[in-house]
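Have the structure open as you read.

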Amino acid sequence: MARPAGRFVLLVRERLSVGLLASAGAGGAMGAAYLAPPSPLTAALLLGGMTCAAWQLQQATGRHRWYCCVLTLLAWQVGGMGWITAVLSPALAGLERAVAIAALFSVLWLVSLGSLLALAWLALRLLPGRVVLALPLAWWAWLVLRDLCWWGGGYGSLSLPLLALPGLATLLPVLGTALFEALLWAALLWVTAVPVDRRGEAGSRRVVAAGLAEALGWPLPWAWTAPAGSVPIAAVPTPPAEPATAVDGWTLQARDAALAALHRAIQQAPAGSLIVTPEIFLPEPPPPATQGVWGDLLMALDARQQRLLLGTALPHPEDRAALMNVALLLAPQRGEVSASVYAKQRLAPIGEELPWPGLLAPIADRWLNHSRRIGRRAAPPELAEPLLVDGASLGVLLCHEVAFGDLPAARADALLHLASDRWSGDPRSARQALGLARLRALETGKWLLSVSEGEAAQLIDLNGHARPARPQEVLPLLEGATPFIRWRDLQPVAPFVLLAALLPACRRRRTRAGPHIAAGATP
């Protein structure tokens with residue numbers, strides 16, 4: 001019996017090697033940096049974790065490299081999936097609740113991280129031995145593709161902990177978040193590459209390391225947008241008395257509290273202001289007739305020549321039984337009410353829509369919290385254009401959409417983010433959403449006002465700096481577009497075009513190098 005036991009011990013020691021533990025620790029450091037507020041310390045923690053992960057990926061070979069990669073990714077994303085517990089039914093308890101959490105975690109990890117590992121495997125097969133090229137290309141392609149899938153656009157972004165670094169104000173307007181993260185991985189993989197006998201390579205790595213530190217630490221005085229006026233704006237200062245998460249849970253008391261908050265905002269805001277509410281401030285469609293309390297509210301807006309951007313719900317044009325999350329712009333004038341609509345394009349998976357309903361419907365009926373907004377439908381693309389206010393275009397992002405950089409809102413003169421951060425019950429959700437809003441402001445070079453049901457409104461400048469919004473604000477308008485906004489329509493195909501362009505050169509080099517490169521040597 002001693003011999004099998006000894007083999008088992010050796011197997012455990014092999015699997016729990018120092019490299020695997022270091023990879024798990026690197027992912028844990030990256031996850032901890034992501035969950036903490038952005039600061040120089042979290043930036044250092046993230047870069048340290050990424051550097052350790054890059055070192056392990058360079059040192060490991062064969063299956064051991066994939067073990068290291070999986071452990072790093074799992075440890076990195078475990079903290080960002082805590083929102084799963086918020087969508088579960090309150091009736092779940094004990095073992096069944098633990099099973100539900102484990103099952104949902106497993107599905108999301110399988111489709112999200114599984115797709116990244118598949119892209120990494122494909123890139124390494126096509127570019128054998130070229131880890132510095134293959135893995136960053138896979139990362140870039142993964143970020144691009146996941147925005148097109150239901151599991152994409154989550155709050156997990158490597159860039160969030162780096163918001164405290166001044167260099168992001170120079171890099172993100174040019175590169176965008178996805179390409180920036182891919183180039184960051186490429187630089188760290190190059191710096192930590194296994195040494196080979198090539199003259200001058202050590203010096204080039206020092207140059208890359210110094211260049212990376214300077215790029216992250218020192219902004220350049222580039223200006224891509226120009227002033228184009230301003231819009232007086234006021235965020236509704238108080239949320240409804242009860243969380244307005246579903247029509248079924250909408251009470252008369254909550255409705256009265258919401259309307260009272262709107263009336264206070266109208267009276268306190270200067271004449272001519274745009275008043276902005278959080279997402280789903282009124283979860284039921286406004287009444288079609290301008291009478292009663294709703295009519296009084298519109299008359300008050302008309303008297304003060306104000307406009308109201310209201311987070312509410314409207315029937316879907318293709319299915320009247322389904323609702324859309326919308327931002328409804330109301331502009332009463334001399335008894336007439338003009339209205340325009342922005343409708344939500346990207347719904348939160350499991351929170352608002354159920355992916356693969358034919359497969360997951362039985363599980364959803366038992367496990368999920370149906371007081372949430374599951375059953376909403378994404379709006380048609382024609383309702384995604386920026387809204388016009390006095391000739392200025394305002395791009396709207398509704399809650400979860402702030403995770404996406406490819407929506408039409410980015411081409412507007414300023415951005416408005418209407419959020420509802422109280423639904424998850426976790427204060428980190430609001431902090432992560434604010435971080436993503438800062439990334440969108442940096443990418444677009446525009447000012448952004450974020451109005452949330454659970455937190456104070458925040459005004460973010462074009463350099464990504466955020467501060468609490470005053471009761472009466474002026475939202476600056478900027479015309480023009482950053483380089484990223486100009487080329488971002490090419491991003492869905494860019495990593496694959498680059499991969500195709502690298503294939504001939506890598507094959508020629510592999511043929512000249514012979515078995516040295518074929519054996520997996522790192523450049």
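## The chain as a whole

Of the 523 residues in the protein chain, 51% count as buried. Keep in mind that this is a predicted model. The chain has 15 helices and 12 strands, and it exposes about 23,400 Å², with carbon and sulfur atoms supplying 63% of that area.

Take the contacts between residues at least 6 apart in sequence: 72% of them join residues at least 24 apart.

In soluble globular proteins, nonpolar side chains tend to be buried together. Here the largest nonpolar core has 102 residues, and the members touching the most others are Trp-139, Trp-140, Leu-162, Phe-180, Leu-274, Leu-309 and Leu-416. Helix α7 supplies the largest share of this core, with 13 residues. There's also a second, separate core of 21 residues, and Ala-234, Ile-266, Ile-275 and Phe-281 are among them.

Zoom in on Trp-140. Setting aside residues up to four places away in sequence, Trp-140 touches Ala-178, Leu-179 and Ala-182, and also Trp-487, Gln-491, Ala-494, Pro-495 and Leu-498.

## Thr-177 in helix α7

Thr-177 sits in helix α7, which spans residues 168–191. Is Thr-177 buried or exposed? Its relative accessibility is 10%, so Thr-177 counts as buried, the cut-off being under 20%.

Which residue's side chain joins that of Thr-177 in a polar contact of 2.5 Å? The partner is Glu-443. Beyond its neighbours within four places in sequence, Thr-177 is in contact with Ser-157, Ser-159, Leu-172, Leu-439, Arg-440 and, again, Glu-443.

## A nonpolar patch outside

On the surface, Val-107, Trp-356 and Leu-359 form a nonpolar patch, and together they have about 280 Å² of accessible area. Val-107 belongs to helix α5 (residues 94–126). At 31% relative accessibility, Val-107 counts as partly exposed.

Most residues other than glycine have a negative phi. Gln-305 has a positive one, near 55 degrees, and Cys-399 has a positive phi of about 50 degrees.

Where are they? Gln-305 is in the loop between α10 (292–303) and β3 (307–316), while Cys-399 is in the loop between β7 (392–398) and β8 (414–419). With 61% relative accessibility, Gln-305 counts as exposed; Cys-399, at 7%, counts as buried.

Conventions:
Residues are numbered from 1 along each chain as its sequence is written. This is a predicted model: local features need pLDDT of at least 70, side-chain atom pairs count only at pLDDT 80 or more; totals for chains, interfaces and linings use all residues. Side-chain values use heavy atoms; hydrogens and water are left out. Helices (H or I, at least four residues) and strands (E, at least two) are DSSP runs, numbered from the N terminus. Buried means under 20% relative accessible area, exposed over 50%, partly exposed in between (1.4 Å probe, protein chains only). A polar contact is a pair of N or O atoms within 3.5 Å; within protein, one must be able to donate a hydrogen and the other to accept it, and residues adjacent in sequence count only if both atoms are side-chain atoms. Contact means heavy atoms within 4.5 Å. Patches are made of residues with over 30% relative accessible area and no salt bridge: like charges are joined within 9 Å, nonpolar side chains (Val, Leu, Ile, Met, Phe, Trp, Tyr) within 5 Å. Accessible areas come from the Shrake-Rupley method with a 1.4 Å probe; for residues, only the protein chains shown count as cover. A salt bridge is a side-chain nitrogen of Lys or Arg within 4 Å of a carboxyl oxygen of Asp or Glu. A nonpolar core is a set of buried Ala, Val, Leu, Ile, Met, Phe, Trp, Tyr and Cys residues joined through side-chain atoms within 4.5 Å.
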